[in-house]
Amino acid sequence: MVDVHDELVSSPRAQERTGHGLFGPGSVTWRVMGEPVLIVGGIRALLLQGLHPRSMWGTAQNSELMDPSAAWARLGRTVEFVRVRTYGTEAEVERVGRRVRKLHSKLTGLDMRTGETFAVDDPENLLWVHLGEVESYLDVARRAGVPLTAADADAFVDEQRRAAAVVGLDPGAVPATVAEMDEYYEEMRRRIWACREARDGLRRMFNPAVPRRLLPLKLAAPALGSLVVATLPRWARRMYGLPGLPTSDLAATLTLKGLYRTSQVVPERYRYSPDAQRARLLTRQHEADLATWSVAS
């Protein structure tokens, strides 16, 4: 594995990265997003996002998500988008954002209840998808034991408004605190439900079509899927026709804590991706500079 210190100062790729993108050192986003346990949050977000019928229909009708032979590649593109958005330079983020906005602006979906055609980039759909990510990553991080104060949690939600702008949302219309996000979900719960496509997606999660080289992931899918489902809010599990029991919440939280604590004994060069390693190094340098400035002043 490449040593992040060497890459930071010597590789052509590192020398090309002249900016810190949307977040940068000192942000809660950089502190949280690299933790391996947040993989659970990313999958959880897909299930939560699927509960908005128009969002789910728009995705199913315009992407390869519902094609088992192509879904893995589509998921890979989503993961790459999140990576660039989190760690990329300003230019890299703008480039992928422009591509996504252009693609979405051309797509429409068919409301299977009313027969009405709707725009995939309707602000309501975009906001639902955005907050599905934010709420899922934050909930999993806090339950796993990633060190976060209430102020940190609010800062994370606020920082993610920059990510919302990348897909075309007005940051001023996006919840900026945990309380505002909770209010949003309380209101939206009266307007969402699990359509057939969402339920199909839930079932496929337990038996995903993956490349042969990733066969171990397929074998682990039932256990991982059970954990992901258990981390959903109780109301979301009930919409999927599953039990929403407090005991499931407790079991999921204990499992997340165990995964996070186990990951902490793994050396950082193996625990984190190269981008996350770079972010942590830059954050340490930033904190050292602040400490030096504080002493000098």
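Helices here (H or I, at least four residues) and strands (E, at least two) are DSSP runs, numbered from the N terminus. What you are looking at is a predicted model, in which local features need pLDDT of at least 70 and side-chain atom pairs count only at pLDDT 80 or more, while totals for chains, interfaces and linings use all residues. Residues are numbered from 1 along each chain as its sequence is written, and side-chain values use heavy atoms, with hydrogens and water left out.

The predictor's confidence in each residue, pLDDT, runs from 0 to 100; its mean over the chain is 90, and 91% of the residues reach 70 or more. Residues 1-18 are another story, with pLDDT below 50. That stretch still has 29 contacts in the model beyond near neighbours in sequence, a contact being heavy atoms within 4.5 Å. Where pLDDT is low, the predicted coordinates should not be read in detail.

Now step back to the whole chain. You'll find 16 helices and 2 strands. The radius of gyration, taken over C-alpha atoms, is compared with a globule rule of 2.2 Å times the number of residues to the power 0.38. The chain comes out at 20 Å, close to the 19 Å that the rule gives for 297 residues, so it is as compact as a globular protein of that length. Of those 297 residues, 45% count as buried; buried means under 20% relative accessible area, exposed over 50%, and partly exposed in between (1.4 Å probe, protein chains only). Among contacts between residues at least 6 apart in sequence, 70% join residues at least 24 apart.

Next, zoom in on α7, residues 90-105. This helix has 16 residues and reaches 22 Å from its first C-alpha to its last, close to the 22 Å expected at 1.5 Å a residue (1.5 Å times one less than its number of residues). Which residues of α7 are buried? They are V93, V96, G97 and V100. These cover an arc of only 105° around the axis, which puts them on the same side of α7; the arc is that of the directions from the helix axis to the C-beta atoms. Their cover includes α6 (71-87) and α9 (150-166). On the face turned away from the buried side, α7 carries the exposed R99 and K102.

Finally, look at R189, in the loop between α10 (178-188) and α11 (196-205). Its relative accessibility is 33%, so R189 counts as partly exposed. Leaving aside neighbours within four places in sequence, R189 is in contact with W235 and M239.
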